[in-house]
Structure formats: C-alpha cells, structure tokens
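Colleague: I would like to learn how to read a structure like this one, feature by feature. Could you give me the general idea each time and then show me the case at hand?

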Amino acid sequence: MVDDARARELLLALRADTLGRLTGLGDARQEVVDAARDANVDDEHDPEGATIAFERAQLQALGDAARRRLAEVDAALARMDAGTYGRCAVGGETIDDARLEARPTATTCVGHS
C-alpha cells in the first residue's frame with residue numbers, strides 16, 4: 001500500500017493546485033464580465049470568435065470540474081483520516097499502488113472501476 005505520508009503529500013499538492021486553478025478561473029471570469037460591461041458589441045453576431053456567453057459557459061464548466069476535483073481530494077483525505085484510504089469501496093481489496101500514484105483520489109481498484 002502507498003505510504004500514508006506520500007499519499008497525503010500527493011493529495012495536498014493536488015488540493016493546492018486545484019484551489020489555485022479555481023482562483024485563476026474566478027479571475028478570468030471577472031475579466032470576461034468586466035470586458036463585456038465595457039464593450040459595446042453584439043457578441044452574439046461577432047464574426048471574430050467566441051461569444052462572451054460561450055466564454056462564460058466554458059469558464060463555468062472548468063470551475064465546476066475543479067470543484068468536483070476538490071471534493072474528491074477532500075473525500076480522499078477524509079478516507080485517510082478514517083483509515084480506509086487505499087481500499088476498494090466495492091470489494092474492500094487493496095487498491096494497487098500504481099493506481100493510487102496515478103489517481104490518488106481513486107475509490108475503487110482497477111477491477112471495479
């Protein structure tokens with residue numbers, strides 16, 4: 001089984017990266033909102049590229065994915081604290097170390113994924 005200290009280190013690094021991504025997405029969304037407020041354009045018919053609505057939707061989708069990732073990381077940290085990290089949620093067997101290295105938030109073994 002993956003060393004608990006190494007697993008916690010991976011999870012905390014992933015958590016910090018995800019929080020940074022959320023901050024960056026929030027900043028980018030604010031820039032889009034500010035640009036739309038200051039612009040006098042018909043973005044729905046702009047031949048130059050994506051609409052402001054599309055950009056907002058894209059940033060929202062990326063933010064939603066980052067929030068899901070953060071929830072996965074927090075759940076993995078909670079499993080560590082409960083002593084169930086690295087155990088398959090379906091069959092109870094040990095999750096392979098390589099799988100946990102690649103996907104530290106994994107809840108199932110490869111056989112049950």
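Predicted model: local features only at pLDDT ≥ 70, side-chain atom pairs only at ≥ 80, totals over all residues.

Colleague: What should I look for in a salt bridge, and how many does a search of the whole structure find?

Modeller: In general, side chains of opposite charge can pair when their charged atoms come close. The term is used for a side-chain nitrogen of Lys or Arg within 4 Å of a carboxyl oxygen of Asp or Glu. A search of the whole structure finds seven of them. One of them joins Arg6 to Glu101, with the closest N and O atoms 3.5 Å apart. This pair links distant parts of the chain, since Arg6 sits in helix α1 (residues 4-38) and Glu101 in helix α3 (residues 97-102), 95 residues apart. Arg6 counts as partly exposed, at 33% relative accessibility.

Colleague: Which residue does the side chain of Arg8 meet in a salt bridge?

Modeller: The partner of Arg8 is Asp81, at 2.9 Å from N to O. Here too distant parts of the chain are linked, Arg8 being in helix α1 and Asp81 in helix α2 (residues 52-82), 73 residues apart. Arg8, at 31% relative accessibility, counts as partly exposed, whereas Asp81, with a relative accessible area of 61%, is exposed.

Colleague: Why does the salt bridge between Arg15 and Asp74 tie together parts that are 59 residues apart in sequence?

Modeller: In this salt bridge the side chains of Arg15 and Asp74 meet at 2.6 Å, N to O. Because Arg15 lies in helix α1 and Asp74 in helix α2, the pair ties together parts that are 59 residues apart in sequence. Arg15 counts as partly exposed at 26% relative accessibility, and Asp74 is partly exposed with a relative accessible area of 30%. Salt bridges can also share partners, and in this way Arg6, Glu9 and Glu101 are joined into one network.

Colleague: Which residues touch the most other members of the largest nonpolar core?

Modeller: A nonpolar core is a set of buried Ala, Val, Leu, Ile, Met, Phe, Trp, Tyr and Cys residues joined through side-chain atoms within 4.5 Å. The largest one has 13 residues, and those that touch the most other members are Leu11, Val73, Leu77, Met80, Tyr85 and Leu100. The elements giving two or more residues to this core are α1 and α2, and α2 gives the most, with four residues.

Colleague: With which residues is Val73 in contact, leaving aside its neighbours within four places in sequence?

Modeller: Contact means heavy atoms within 4.5 Å. With those neighbours left aside, Val73 is in contact with Leu11, Leu14, Arg15 and Thr105.

Note on methods:
Residues numbered from 1 in each chain as written. Heavy atoms only, no water. Buried < 20%, exposed > 50% of the residue type's maximum accessible area, 1.4 Å probe, protein only.
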